Amino acid sequence: MKNITVENLSAKIKSVIRDVPDFPKQGIIFKDITPFLNNPEIFSETVRFIADKYKNRGVSKVLGIEARGFILAAPIALELKAGFVPVRKKGKLPYKTVSGTYDLEYGQDTLQLHEDAVKKGEKILIIDDVLATGGTAKCACRMAEKLGAEIESIAMLIELEFLKGREKLQNYDLFSLVKY
Ligand code: AMP
């Protein structure tokens, strides 16, 4: 891969992230990644950059968090020759699950993971589009740990630093490409 720096790529990504004020609630500035996904050059560069960062770290499963985390996690998993695992909202997964409840920037929710999706001792990479308060990512980590997996890292496309989600995830390796 060309020598692209985080700063360079981050600036490109920022140019295709759209701020939508007051969505889904008054006072929230929603980071809309659809223009980013619509740009094949920047999207693929991002997937390759993140996959490259983790390629020699023994990751065998990439967990994507519903719903936008799926879009990033699946191509990254393929690049890493790792399995893709969906972390879903309650009631969506058909087989036996483990569950976790968490607070998010707007409301509360429950996430689930298939109980056979990760194995004891497996190294996991967790992926989502936005790190806000950190509750969602922490919940995903806890569920994978409940199944005996080891969290190798958490990778976020965007980190909203003013919400201090990183503080909730101090025990984990955490990488974010774009910071606001
Ligand atoms: P949190 O648990 O607070 O870190 O929230 C993270 C989850 O909520 C992620 O799955 C994000 O997709 C979503 N989210 C939270 N805040 C925003 C935001 N301002 N813009 C877009 N997505 C957000």
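Tutor: Start with Thr101. Leaving out residues up to four places away in sequence, Thr101 touches Gln108, Asp109, Thr110 and Cys139 (contact means heavy atoms within 4.5 Å). This is a predicted model: local features need pLDDT of at least 70, side-chain atom pairs count only at pLDDT 80 or more, and totals for chains, interfaces and linings use all residues. Residues are numbered from 1 along each chain as its sequence is written, and side-chain values use heavy atoms, with hydrogens and water left out.

Thr101 sits in strand β5, residues 97–104. Strands (E, at least two residues) and helices (H or I, at least four) are DSSP runs, numbered from the N terminus. The side chain of Thr101 also makes a polar contact of 3.3 Å with that of Thr110. Such a contact is a pair of N or O atoms within 3.5 Å; within protein, one must be able to donate a hydrogen and the other to accept it, and residues adjacent in sequence count only if both atoms are side-chain atoms. Lys89 is 12 residues from Thr101 along the chain, and their C-alpha atoms are 10.0 Å apart.

Is Thr101 buried or exposed? Its relative accessible area is 52%, so Thr101 is exposed. The cut-offs are under 20% for buried, over 50% for exposed, and partly exposed in between (1.4 Å probe, protein chains only).

Now take Glu122. Glu122 lies in the loop between β6 (107–114) and β7 (123–131). Glu122 counts as buried because its relative accessibility is 14%. Its side chain has a polar contact of 3.1 Å with the side chain of Lys61. Beyond neighbours within four places in sequence, the contacts of Glu122 include Ser60, Ala117 and Glu150.

Next, a helix pair. The axes of α3 (residues 40–54) and α4 (residues 68–79) come within 9 Å and cross at roughly 55°. Axes are lines fitted to C-alpha atoms, for helices over the stretch in contact, and angles run from 0 to 180 degrees between N-to-C directions. α3 and α4 are therefore oblique to each other. Under 35 degrees counts as roughly parallel, over 145 as roughly antiparallel, 65 to 115 as roughly perpendicular, and the rest as oblique.

Which residues of α3 and α4 make the contact? Phe43, Val47, Arg48, Ile50 and Ala51 come from α3, and Ile71, Leu72, Pro75, Ile76 and Glu79 from α4.
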